Amino acid sequence: MIRADKLAKIYTNGGVATVALEDVSFTIADGEFVAIMGPSGSGKSTLMHILGALDTPTSGDYLLDGQNVGKMNQDALAEVRNKKIGFIFQAYNLLPRRTAVQNVMLPMAYAGIPKQERRERALKYLTMVGLGDRLDHFSNQLSGGQQQRVAIARGIAMNPSILLADEPTGNIASAQAEEIMTIFKELNTQGHTIVMITHEPDIAQHAQRIIHIKDGRLVA
Amino acid sequence: MSLLELLGEAVGSLTLNKLRTALATLGIIIGTGSVIALISLGQASQKSVAAQIQALGSNLLTVMPGSQTSGGVRGAAGSSTSLTYADAQALLAQAGTGLSHVKSVSAEVNRRAQVVAGRNNTNTQIMGVTPAYADIRKVSVASGVFIAERDVHSMAKVAVLGPTVAADLFGEGVDPVGQSVKVANQSLKVIGVTVAKGGSGFQSPDDMLFVPITTAQKQLFGVDYVSTISIEASSADVMVEAQTEVGYLLLAEHKLTDPAQADFTIMSQQDILGAASQITGTLTALLSGIAAISLVVGGIGIMNIMLVTVTERTREIGLRKALGAKKRVVVWQFLIEAVILTFAGGVLGTLLGAAISYLVSTVASLPFTLSPQSIALALGVSGIIGLVFGWYPAQKAAALQPIEALRYE
């Protein structure tokens, strides 16, 4: 469960303050599939960084499962990212020259899960996203859609509280984008909370609820 | 993530760019290689000098003319004329009785001169000796006989050749006994050739021509002093006692009362050995120090490569942090890479240095030595260089903010 309470992010560069987010409050319940929409420059990336514990808000509170993530130090944030958040990036961000299995195993390695279990779980999730026949392919041997599916498998490997997807279909052909959305909906029905950032209305409509953001503020 | 897994990750990253990894390591290889080679060769030459001096006899005292100074070796010693054959005979007369620790005494006069045989000639050390010389200096003859007592008495015009001299004058494999050689316009009959002792460097016993001491003094050089008196002590344990006895007797002979006025120097093999190994030791330390500088340069090369690597892999580092890598894990990942680079360089450098040292010592006929301490030192230092020069790049990697790093193109 996510609770954002009066989140604000102000960047100061050479004495000039730029407001990226202001007075953003919302709640996302467990098991929801929410899309955050907004034009570029609206602050949706900043919001996504804060929700992903990659950045901390200047003021306001961000509570993830009751923990105030906004007040944590670097190592505690790393722990939150590892255990509670599954990232799916627009550019997939797989490690190059590593196999699909190795990529999915990486967050589990940081969590200290035994190697045998890591491998078993990686196989399970890769099969789930339909890559059971591409397990030992290197990431550069996979198509964009396939790479994104590896990223999804990596995102759910630690069974996180939320799956955070930043323009997940931005680099992918539309036919494959539909497949990704199908996987998201499937994961959602299994109980995963999904927060997806996008600027494409036809992708956003797959979500149960859409949060609009513009000029750093939520649009009612 | 366990250390073993980090090690695997590091090896994986390093093998991605093999040429760069090899070039980065090269500096450390050369640095460690030269340190190992120099230390090893230094120890070899120290050993060789020690062996040469030991081969002359470990219970040998050498009396040289000239006054005593602290520290042992001096240029002036040997150039003075204060020792005489009479001194040697006085010592010999007391050997075993008044001089209870002295076994035998040999007086020598030596000078370099041209030796001619037929159309061949060579410049060599002419050594005027008594029969005792063969005993004390462990010289034996391969053919013929050595200088005998009656040759000394009769100032016989005879010569015993070292194998090198024999080969130079008469050719390899020819027995020159019975032939004659000319030194200082005096014809000498060859009565023997000594056994090759090997060894090179100063005063090789193979490159000498032995004549009776009286012949050398009166017939060849026209002098009445001796260059050195060699004394064999009864055992290596009584060297100090023997040195004291000989010293007091010679002082009395020279009618001196104060040991500070002594016009001669008594040196044991130990003294000579000490001086010689001190010189080679200092040289080795100096050269190794210079070689160690190249190790530091190699370390800077590693740091440079690691910094480039961190910049290149900014996105990767960002991703790893986003997926939950803590600061400590990132630091370790890059530190381990740096240490693997330098340690591998250290291992290869040690092999290279050992190979160089082995080749050089084979060519220069030195004993090949490679002490475990120097290997341990080289490997330890190369590992530490990895830690020191890898530390800053690793900190830089760990300090990267995941968002900045992920955005980096």
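This is a predicted model: local features need pLDDT of at least 70, side-chain atom pairs count only at pLDDT 80 or more; totals for chains, interfaces and linings use all residues.
1. Residues are numbered from 1 along each chain as its sequence is written, and chains are lettered from A and ligands numbered from 1 in the order in which they are written.

2. In chain A, six strands form an open sheet with mixed pairing, in the order E6-E7-E8-E3-E9-E10; strands (E, at least two residues) and helices (H or I, at least four) are DSSP runs numbered from the N terminus, and two strands pair if DSSP finds at least two bridges between them. The edges are taken by E6 (85–88) and E10 (217–219) of chain A, each with a single partner strand, so one side of each is left without a neighbour in the sheet. E6(A) pairs with E7 (residues 162–166) of chain A in the parallel sense over four bridges, and here A:Ile85 stands opposite A:Ile162.

3. Helices H2 (residues 18–55) and H9 (residues 269–312) of chain B pack at an angle of about 180°, with their axes 8 Å apart; axes are lines fitted to C-alpha atoms over the stretch in contact, and angles run from 0 to 180 degrees between N-to-C directions. H2(B) and H9(B) are therefore roughly antiparallel to each other, a term used for angles over 145 degrees.

4. Between the chains, 16 residues of chain B are in contact (C-beta atoms, placed from the backbone, within 7 Å) with 18 residues of chain A. On the chain B side, H10(B) supplies the largest share, four residues.

5. A:Tyr92 lies in the loop between E6 and helix H3 (100–110) of chain A. A:Tyr92 is buried, with 23 other C-beta atoms within 10 Å, where 20 or more count as buried, 12 or fewer as exposed, and the range in between as partly exposed. Leaving out residues up to four places away in sequence, A:Tyr92 touches A:Gln147, A:Gln148 and A:Ala151. The C-alpha atoms of A:Tyr92 and A:Pro168 are separated by 8.0 Å, although these residues are 76 residues apart along the chain.

Conventions
Angles under 35 degrees count as roughly parallel, over 145 as roughly antiparallel, 65 to 115 as roughly perpendicular and the rest as oblique. Two residues are in contact if their C-beta atoms, placed from the backbone, lie within 7 Å.
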